[in-house]
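This briefing reviews selected structural features, grouped by topic. Please consult the sequence and the structure shown below alongside the text.

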Amino acid sequence: MLGRIVFIYFLQKKGWIGVSKDSNDWVGGSTRFLLEHFNNSYKNNTNIFYLDFLEPLFYDTLNRKRESNIFSLTDSKVPFLNGGLFEEEDMEKRSTLFYPNELFKNLFEYFDQYNFTIIEDSVEEQEVAIDPEMLGHIFENLLEDNKDKGTFYTPKEIVKYMCQEALINYLDTRLNIQHVEISKEKPKQEGLFGISEPQQMALTKEEYKENIPKDIISNFIKYGQKEDDKKLIKKHAKKIEQLLDDVKILDPSIGSGAFPMGMLHEIFDAKLNLDWTLDKAETKRKIIENSIYGVDIEKGAVDIAMLRFW
């Protein structure tokens, strides 16, 4: 429930929930959707907010494709989300959970102290803000059995370092290491593996040819184009851009998506350093579609990761 409410706070921040039914776009929704409807209908009466409002919002609205996207309780538009976060796990439990309204009053007052933002690529906290990484905190820290499954929160600084080093080594390998095929005669091994004649065996030999020094690649990924390095980066810009388009990242234990999310930002920043005129939203969409992959034994982990990218 907390994960769902936190995610709705991000939808509110973008104005994507509670949009006027006459609007053709997903803009102008209430930035305090939950609190407004709680205050209007549930703050001082006997109606039960969770049963009467949140359950229909979670299971019948955010989790269900509707023709007009109208949420009947507010007579406004609420989107259908197919990430799995709002799926109803057990329909028999519907209307059996009773949370006092006072709990939600306190919760909303607490959340309203913070600025919910969709920007989660900054290591330095510039303000008292909550970004979609909070979904990861909830998944990795608040669910009791996750520790037993090896699910732990990884600080942003460590994720950023891992992602940068992975990308630096990928570019260094593709730009500077040449793979040369050589042949070597295999000695006679009569009777050992049934081989009676010498065979030619192709081997791959790696040779380091420094097109761009690794320290320049490192500076480019970590700090952008330094003045002294611009000429060399520009010379190989098309090759670098192609490599950034071709890269495939697989996280075999995605957790809540910290590593692939970090890789998205590092690739995006590198592409933007090469061409600042890029359409930012389109560039990120292409990276997510073509370069980012992840699996996990926990379906909930994949759901959270998908929602963070969403």
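The model is a predicted one.

**Geometry and buried face of H11**

- The buried residues of H11 are Thr283, Ile287 and Ser291.
- These residues lie on the same side of H11, because the arc they cover around the axis is only 40°.
- An α-helix has 3.6 residues a turn, so positions three or four places apart point the same way.
- The length of H11 agrees with expectation: its 12 residues, at 1.5 Å a residue, should span 16 Å, and its end C-alpha atoms are 16 Å apart.

- Which residue forms a salt bridge with Arg285? The partner is Glu282, with the closest N and O atoms 2.4 Å apart.
- Arg285 and Glu282 are 3 residues apart in helix H11 (residues 280–291), so about one helical turn separates them.

**Other salt bridges**

- Side chains of opposite charge can pair when their charged atoms come close.
- The count for the model comes to 10 salt bridges.
- One of the pairs is formed by the side chains of Asp112 and Arg32, at 3.1 Å from N to O.
- Asp112 lies in the loop between helix H4 (101–111) and strand S3 (115–116), while Arg32 lies in the loop between helix H1 (2–14) and helix H2 (33–41), so this pair ties together parts that are 80 residues apart in sequence.
- Asp112 is partly exposed, its relative accessible area being 32%, and Arg32 is partly exposed at 43%.
- The side chains of Asp60 and Arg64 also meet in a salt bridge, with an N to O distance of 3.6 Å.
- Asp60 has a relative accessible area of 25% and is partly exposed; Arg64, at 44%, is partly exposed as well.

**Nonpolar surface patch**

- Which residues form a nonpolar patch on the surface? The patch consists of Ile158, Tyr161 and Met162, which together have about 310 Å² of accessible area.
- Ile158 belongs to helix H6 (residues 156–176).
- With a relative accessible area of 44%, Ile158 is partly exposed.

**Setting of Phe49**

- Phe49 is located in helix H3 (residues 49–62).
- Is Phe49 buried or exposed? Phe49 has a relative accessible area of 0%, which means that it counts as buried, the cut-off being under 20%.
- Beyond its neighbours within four places in sequence, Phe49 is in contact with Leu34, Phe38, Tyr42, Leu54, Asn101, Phe104 and Phe108.
- Phe49 and Glu102 are 53 residues apart in sequence, and their C-alpha atoms are 9.6 Å apart in space.

Definitions and conventions
Residues are numbered from 1 along each chain as its sequence is written. This is a predicted model: local features need pLDDT of at least 70, side-chain atom pairs count only at pLDDT 80 or more; totals for chains, interfaces and linings use all residues. Side-chain values use heavy atoms; hydrogens and water are left out. A salt bridge is a side-chain nitrogen of Lys or Arg within 4 Å of a carboxyl oxygen of Asp or Glu. Helices (H or I, at least four residues) and strands (E, at least two) are DSSP runs, numbered from the N terminus. Buried means under 20% relative accessible area, exposed over 50%, partly exposed in between (1.4 Å probe, protein chains only). Patches are made of residues with over 30% relative accessible area and no salt bridge: like charges are joined within 9 Å, nonpolar side chains (Val, Leu, Ile, Met, Phe, Trp, Tyr) within 5 Å. Accessible areas come from the Shrake-Rupley method with a 1.4 Å probe; for residues, only the protein chains shown count as cover. Contact means heavy atoms within 4.5 Å. The expected span of a helix is 1.5 Å times one less than its number of residues. The arc is that of the directions from the helix axis to the C-beta atoms.
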